[in-house]
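Thanks for passing this one along.

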Amino acid sequence: MRYIIIGAGAVGATIGGRLAEAGGEVVLVARGAHAEALRADGLRLTTADGTRVHRLPVVTGPDELGELRPDDALLLTVKTQDAIAALDAWGDAEVTGGGTAAQRLPVLCAQNGVESERLAQRRFARVYGVCVWLPATFLEPGVVSALCAPLTGILHLGRAAGGTDALSRAVAADLAKAGFGAPAVEDVMRWKYAKLLGNLGNAIQATTGPEPDPAKAALLLRAVREGKAAFRAAGIPYASDAEQSLARDGKVEQPAGVRGGSSWQSLARGTGSVEADYLNGEISLLGRLHGVPTPVNDVLRHAANIFAREGLPPGAMSIEDLTALADEAAARA
Ligand SMILES: NC(=O)C1=CN([C@@H]2O[C@H](COP(=O)(O)OP(=O)(O)OC[C@H]3O[C@@H](n4cnc5c(N)ncnc54)[C@H](OP(=O)(O)O)[C@@H]3O)[C@@H](O)[C@H]2O)C=CC1
Ligand SMILES: CC(C)(CO)C(=O)C(=O)O
């Protein structure tokens, strides 16, 4: 199998670099200064095993790669707000032997939230969910680190529609060879919904900073309670906190000195957008569809988006001010 990593940033480059090191065939898809640095100097990837430079093929889109092969797998690791453009760009490409990528190739969504699978399923026939527990940092163009130990993350994966198949088991085996804890599971979306609950804190971290604080934990708990209430109202199953702790046990601790998570990094890099519409916004959507008030997630989504649009530095807001906004919204709800 050849892995085409669409959006080889923090998560994509970490997975791609490790797959390549384990003997896998990998193509990195990147853009801008990152693509240039990857081509000029290779991918400089630091994991708990040390720093390695990987010289891998780099393309900016399907035109540069030529016809796709029947044994290609598309691994989607762009932020969710970039998923439509990426899926559209790759879906129409021709596959050697007939058909388009959208008809023939598997697309594996290794992202937070649950929206990318839906976007991919509108366009592609074979869609897989990947639940990624992998604190990874885009340090500068061409340079990525993922320092959690002993394994570099844990990835549950399976068919987005439910179940496993030969492809998901083959990918799980390749990921395991590359050092990831990567079981293929029957119910990957149940794990992804559970992971989404933790990612409701991405907006808190992005707006108020990554340092732990009881007031941040208290606000996250309120967001998570709303999320669970929305899931219950919508009849959506999700893995329990105990199941998640067991799966993560000893595998994905964030090492000291590491910077913030994925949304914090988007603000720090000034990318102009965060994923909040698909994290907190997923809870707001479910709440509206099923009659559950979600004032805390509404505020978190809105605050993170304002930071991104106005180019505010991550962590510029106090947790007291953010909590006060959530309290006002809750009083109105
Ligand atoms: N970082 C982390 O610790 C974790 C992240 N996740 C999830 O993984 C997903 C990816 O996050 P992360 O790796 O942090 O994000 P990054 O921003 O580090 O990487 C995404 C990369 O995709 C690039 N990109 C976007 N659109 C295209 C395109 N059409 N063609 C080529 N490249 C493109 C971006 O370029 P540009 O910079 O120019 O926008 C960026 O380099 C998200 O869903 C996130 O929530 C999950 C677990 C942990
Ligand atoms: C919390 C973390 C690092 C876990 O993998 C994550 O999902 C993110 O930064 O978005």
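1. D71 counts as partly exposed, at 33% relative accessibility, where partly exposed sits between buried (under 20% relative accessible area) and exposed (over 50%), using a 1.4 Å probe and protein chains only. R69 is partly exposed too, with a relative accessible area of 26%. The side chains of R69 and D71 meet in a salt bridge at 2.9 Å, N to O; the term means a side-chain nitrogen of Lys or Arg within 4 Å of a carboxyl oxygen of Asp or Glu. E25 joins R69 and D71 in a network of salt bridges.

2. A word on the basis of all this. This is a predicted model, in which local features need pLDDT of at least 70 and side-chain atom pairs count only at pLDDT 80 or more, while totals for chains, interfaces and linings use all residues. Residues are numbered from 1 along each chain as its sequence is written, chains are lettered from A and ligands numbered from 1 in the order in which they are written, and side-chain values use heavy atoms, with hydrogens and water left out.

3. The structure holds 19 salt bridges. One of them pairs E64 with R39, with the closest N and O atoms 2.5 Å apart. That pair links distant parts of the chain, 25 residues apart: E64 sits in helix 3 (residues 62–65) and R39 in helix 2 (residues 32–41). Helices here are DSSP runs of H or I with at least four residues, strands are E runs of at least two, and both are numbered from the N terminus. E64 is partly exposed at 45%, and R39 is partly exposed at 42%.

4. Another salt bridge joins the side chains of D187 and R190 (2.6 Å, N to O). D187 has a relative accessible area of 27% and R190 one of 21%.

5. Now to ligand 2. Which residues are around ligand 2? They are N112, V132, W133, L134, P135, K195, N199, N202, G261 and S262, each with a heavy atom within 4 Å of the ligand. Strand 8 (126–133) and helix 8 (188–199) each supply at least two residues of this shell. Domain 1 (2–186) and domain 2 (193–332) both contribute to the shell, so ligand 2 lies between them; the domain bounds come from an automatic or database domain assignment.
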